[in-house]
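The following exercises are to be worked with the sequence and the model at hand. Each task is followed by a solution in steps.

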Amino acid sequence: MKNYKMFNKKEYMKNYTKSPQCKKNTNVNAWKFKGLIESEEFIDQIYEEYLNSEECELCGEPYLNGNFKSMDHCHLTGKFRNIVCNRCNQWRIDRAGKNITKCKNRNLYRVQIQRNYKCVLNKFYKTEEECREVLNQFIIDNPHYFT
């Protein structure tokens with residue numbers, strides 16, 4: 001008779017939860033649950049980028065003192081945009097939906113940001129995409145408004 005070692009599920013799970021594969025699966029599943037939709041080949045590339053990222057792609061601040069990494073993605077399409085700090089992600093959460101409006105009497109779109117009851121950005125453009133670009137650049141150039 002052969003002597004088989006009993007399979008210890010508890011020990012296996014303890015070792016698996018510490019493995020890099022488990023951490024990757026946990027992160028990727030959380031991203032998908034929150035709405036990130038990417039193909040498997042891009043998920044691997046994004047995950048490697050996420051692991052190697054040391055500072056926010058918007059404000060350039062390092063991930064320190066509880067200011068952890070976040071996956072910025074479009075909540076409408078699920079498309080990945082940036083790896084950003086939690087502060088930038090909280091202020092960027094599809095702000096375009098609130099800050100970009102279509103003018104009814106003019107065939108234009110308006111991008112507007114107010115801080116402390118003062119208008120710090122108020123411009124008109126022909127397309128919504130132009131407004132998004134201006135809004136994103138404004139967020140990058142003026143992180144002090146969003147902290």
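**Exercise 1. Determine whether Trp31 is buried or exposed, and describe its aromatic surroundings.**

Step 1. Trp31 has a relative accessible area of 9% and is therefore buried (buried means under 20% relative accessible area, exposed over 50%, partly exposed in between, with a 1.4 Å probe and protein chains only). The model is a predicted one, in which local features need pLDDT of at least 70 and side-chain atom pairs count only at pLDDT 80 or more, while totals for chains, interfaces and linings use all residues. Residues are numbered from 1 along each chain as its sequence is written, and side-chain values use heavy atoms, with hydrogens and water left out.

Step 2. The structure holds 4 aromatic pairs. Rings of Phe, Tyr and Trp (its six-membered ring) pair if their centres lie within 6.5 Å; planes under 30 degrees apart count as stacked, over 60 as edge-to-face and the rest as tilted. One of the pairs joins Trp31 and Tyr50 edge-to-face, at 5.1 Å centre to centre with 75° between the planes. This pair links distant parts of the chain, since Trp31 belongs to helix 2 and Tyr50 to helix 3, 19 residues apart. Helices here are DSSP runs (H or I, at least four residues), as are strands (E, at least two), numbered from the N terminus.

Step 3. Tyr50 also pairs with Tyr47, this time stacked, at 6.4 Å centre to centre and 25° between the planes. Tyr47 and Tyr50 are separated by about one helical turn because they are 3 residues apart in helix 3. Both tyrosines count as buried, Tyr50 at 15% relative accessibility and Tyr47 with a relative accessible area of 6%.

Step 4. Over the face of Tyr50 lies Lys69, at 4.9 Å from the ring centre (a charge sits over a ring if NZ of Lys or CZ of Arg is within 6 Å of the ring centre and within 35 degrees of the ring normal). Lys102 lies over the face of Tyr109, at 5.0 Å from the ring centre.

**Exercise 2. Check the length of helix 2 and state what covers its buried residues.**

Step 1. Helix 2 covers residues 20-33, 14 residues in total, and at 1.5 Å a residue it should span 20 Å; the expected span is 1.5 Å times one less than the number of residues. The end C-alpha atoms are 20 Å apart, which agrees.

Step 2. The buried residues of helix 2 are Cys22, Lys24, Val28 and Trp31. Their cover includes helix 1 (9-17), helix 3 (40-52) and strand 1 (69-73), where contact means heavy atoms within 4.5 Å.

Step 3. After helix 2 comes Gly35, with a positive phi near 115°.

**Exercise 3. Which residues touch the most other members of the largest nonpolar core, and which elements give two or more residues to it?**

Step 1. A nonpolar core is a set of buried Ala, Val, Leu, Ile, Met, Phe, Trp, Tyr and Cys residues joined through side-chain atoms within 4.5 Å. The largest has 26 residues, of which Trp31, Cys56, Met71 and Val111 touch the most other members.

Step 2. Two or more residues come from each of helix 2, helix 3, strand 2 (80-85), strand 4 and helix 6 (128-141). Helix 6 gives the most, with 5 residues.

Step 3. Not counting residues up to four places away in sequence, Cys56 touches Glu61, Tyr63, Ile83, Val84, Cys85 and Cys88.

**Exercise 4. Summarise the chain as a whole: how many helices and strands are there, and in what order do they run?**

Step 1. The chain has 6 helices and 5 strands, which run α-α-α-β-β-α-α-β-β-β-α from the N terminus.

Step 2. Of its 147 residues, 32% are buried.
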